[in-house]
Amino acid sequence: MNSGAISTRYAKALLRYAQETGRVRQVAIQIRAMLDDPEHIPSPLEPDIERFTSFLVKRGRTEFLRPIFHSFIDLYCKEYGIRFARLTAVADAPGLKEKMQALLEKQTGCRIILEMTVDPSIVGGFVLEVGGYMLDASVRHQIDLVRREFVFSNNRIV
């Protein structure tokens, strides 16, 4: 059987169950936390997640737990119009995260959950990732482009 079909089917069931109990947001938050850091399990665990995982154990489907959780997050985001984005900047400028989040929400028409990281190696600018798309407006990227162009143009002279 196709593992993608299995994970999607169980993820849909978990989403419907969490919606019926009225704890879909809490379930999504805990699942997202577990996917981000598999070593750390939130305590106390949502009862919906506990029941669901015990159901998977009974069915012998524990090897599909991680793909099911990924499918659940995808379905949850699609159902509630949410997108995750990651912003990498050289420094944590005051108000940058809020301004970027508001701009993205206006452009996409979706609610944006923005995670911000600081990486001094990008020298300046920022790198923005939203749903599989990446905008690299970093100084490091621009330097790499100039370096490649220089190497390419000098190889033709020889």
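Reader: What should I know before I start?

Author: Residues are numbered from 1 along each chain as its sequence is written, and side-chain values use heavy atoms, with hydrogens and water left out. The model is predicted, so local features need pLDDT of at least 70 and side-chain atom pairs count only at pLDDT 80 or more, while totals for chains, interfaces and linings use all residues.

Reader: How many helices and strands does the chain have?

Author: Helices (H or I, at least four residues) and strands (E, at least two) are DSSP runs, numbered from the N terminus. Here there are six helices and four strands, in the order α-α-α-α-β-α-β-β-β-α from the N terminus on.

Reader: What is the radius of gyration of the chain, and what would a compact globule have?

Author: The radius is taken over C-alpha atoms, and the globule rule is 2.2 Å times the number of residues to the power 0.38. For 158 residues a compact globule would be near 15 Å, but this chain has 21 Å. Along the principal axes, its C-alpha atoms fill a box of roughly 70 × 40 × 30 Å.

Reader: Is Ile 112 buried or exposed, and what about Val 146?

Author: Buried means under 20% relative accessible area, exposed over 50%, and partly exposed in between (1.4 Å probe, protein chains only). Ile 112, in strand S2 (residues 111-118), counts as buried because its relative accessibility is 1%. Val 146, in helix H6 (residues 139-157), counts as exposed because its value is 57%. Buried residues make up 28% of the chain.

Reader: Which residues is Ile 112 in contact with, beyond its sequence neighbours?

Author: Contact means heavy atoms within 4.5 Å. Leaving aside neighbours within four places in sequence, Ile 112 touches Arg 83, Ala 85, Gln 101, Leu 104 and Glu 105.

Reader: Where is the largest pocket lined, and by which elements?

Author: On a 1 Å grid over the protein atoms alone, a pocket is an open set of points where a 1.4 Å probe fits, with protein on both sides within 12 Å along at least five of seven lines; lining residues have an atom within 4 Å of a point. Grid points are joined across faces, edges and corners, and the volume is the space filled by probe spheres set on the points. The largest pocket holds about 270 Å³. Of its 14 lining residues, Phe 84, Ala 85, Val 130, Gly 131 and Gly 132 are the closest to the centre. Helix H2 (24-36), strand S1 (82-89) and strand S3 (125-130) each supply at least two lining residues, and S1 gives the most, with five.
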